[in-house]
Amino acid sequence: MINVEDYVERQMHRRDIKIAYARMLPVVVRRITDNTGKVLNNAIEFDAYNQYWFLVNAYELPVGTRITSDTNVLLLEAHTNDTMEEFWGKIKIQLPDSFTGSLCQALFYQVIPT
Amino acid sequence: MTKTRIIYHPVPFIVRQPLTPVTINTVLPGHIRKVTGIKVVHSVGVQFMTTAAYLPVIGYLSLEFNNKCYHFGHVDVPFDNRAEASDAYQDAAIDILPGSLLTGNYENKVFTGTEYQKADGTLTDKWSNYIVTIYLKALSDD
Amino acid sequence: MILGYRFQKVSLRISRSGQRVYFNGESHKDFSLLKGIALSVGYDSALFGSTFGFRVDEKKVLDESHEAHLLVFGSDVAPNDRMLFFETPIPIQSSKLEGIYTDSALQSLLGNISYSPGGGVIASTDVNVKKTYVSGKDIVSYSNAVVDNVPAYNAPTSISLGNGSMAIPGTAASPTAPAPVYYPYDVKITLLLSQK
């Protein structure tokens, strides 16, 4: 398992970016259905402009989850390994249709550069 | 004495599945000093899936230069099999660190229905792999 | 007295699918800059997937996987604009000009399964695997030669002179070309030379 803080620290150092602030940040995606079971919403979209978000728990998200952002697109598949994916800008987490639970938590390491 | 001169550097990548994003991770040749123009074109493959000669967007490409330090942004990738397809390059002025990474990702946006990839993930015979090429107009000093 | 510009032309004949044709030449001695390049081909559909590489004085200008259709301009473009212009003109002085045209080069890569499941960048060694320039000194007595299907280092043994007359049907590339391409066809390369 990769140590998140070390990994991010090194990444940012290599790119000559100074970290002003960093923290773990969970994002909960809810799957909302109406009485008939029709899915009203199973995605969340939020702004992460001028920040780096590293996905920490890819292995906990359902297969088929799609996370898009300005700099990265990730489709979780059965063979996806747990490399840390990086996002920047408008982030959207879309749960797959096959997901039938009510909520799902994506854990990010948020980095705000100086 | 080395002289700076123009060079056109293609970076081709293949798209093999409609839904899976393609990750681009490649090192630019060390002699490239500056990128002055970018053009992204469909090369071959899509013509096996459509009878149209022109589709404005078949996918989106996000590109980063200089070891992920510079996000160029997003480029629409058109399918244009007409002879009069535009040859113009998108302007850019990116100083390139020698031997740095060109990274990015590509998302296919058309041909995503179940007639191309069934729910169990297998591809149908309507799908055809296709190749997209990123052309970098660059100044080189080799 | 010489006017300021000159269009230098090279003709190649492609006689079968997947064929690779090499040419070399020398730029006119009175001109010092190469400002643009254009291709003209009879069949539009012949261009897609075909590639054209170009070198000046053994320095690469267009990679061998540069698509030919990007160098061909249609009827709705003014004749002045039917060219790929170099914003930074290439200095020449009786320079050696070399090019290599490969018919249907990219189609053969579509079936490649050696990449990750979703796809990815095609290594330049895959793209150019059969398309290395013939060494200039081996081929110096020819201006135009068919070099396909032979590894570059022993190319001279099987070079056929001039407009390749081989009529072997293509086997490698071009799986199911939708529009017909009739072989042989001619490719004309126009170079714009300028005095300053």
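A residue is called buried if 20 or more other C-beta atoms lie within 10 Å of its own, exposed if 12 or fewer do, and partly exposed in between, with C-beta atoms placed from the backbone. By this criterion, buried residues make up 44% of the 142 residues in chain B. The structure is a predicted model, in which local features need pLDDT of at least 70 and side-chain atom pairs count only at pLDDT 80 or more, while totals for chains, interfaces and linings use all residues. Residues are numbered from 1 along each chain as its sequence is written, and chains are lettered from A and ligands numbered from 1 in the order in which they are written.

Chain B contains 0 helices and 8 strands; here helices (H or I, at least four residues) and strands (E, at least two) are DSSP runs, numbered from the N terminus. Its elements, read from the N terminus, follow the order β-β-β-β-β-β-β-β. The C-alpha trace of chain B spans about 55 × 35 × 20 Å along its principal axes. Two residues are in contact if their C-beta atoms, placed from the backbone, lie within 7 Å. Of the contacts in chain B between residues at least 6 apart in sequence, 80% join residues at least 24 apart.

B:Leu139 belongs to strand β8 (residues 130–140) of chain B. B:Leu139 counts as partly exposed because it has 18 C-beta neighbours inside 10 Å. Leaving aside residues up to four places away in sequence, B:Leu139 touches B:Thr4, B:Ile6, B:Arg33, B:Lys34, B:Thr36 and C:Thr88. From B:Glu107, B:Leu139 is 32 residues apart in sequence and 29 Å apart in space, C-alpha to C-alpha.

The text now turns to the neighbours of chain B. In chain B, 37 residues are in contact with 39 residues of chain C. On the side of chain B that touches chain C, the elements giving two or more residues are β1 (5–15), β2 (22–27), β3 (32–44) and β8 of chain B. The most comes from β1(B), with 11 residues. This side has 19 nonpolar, 13 polar and 5 charged residues, where Ala, Val, Leu, Ile, Met, Phe, Trp, Tyr, Cys and Pro count as nonpolar, Asp, Glu, Lys and Arg as charged, and the others, Gly among them, as polar.

Strands also pair between these two chains; two strands pair if DSSP finds at least two bridges between them. Over 3 bridges, β1(B) pairs in the antiparallel sense with strand β8 (residues 119–121) of chain C. B:Phe13 stands opposite C:Val121 in β8(C).

Towards chain A, 11 residues of chain B are in contact with 8 residues of chain A. The elements that give two or more residues to this side of chain B are β4 (54–65) and β7 (101–108) of chain B. Its residues divide into 3 nonpolar, 5 polar and 3 charged.

In chain A, 6 strands form an open sheet in the order β1-β8-β4-β7-β5-β6, with antiparallel pairing. Its edge strands, each pairing on one side only, are β1 (19–30) and β6 (73–75) of chain A. Within chain A, strand β5 (residues 66–68) is joined by 3 bridges to strand β7 (residues 85–94), and the two run antiparallel. A:Ile67 stands opposite A:Ile93 in β7(A).
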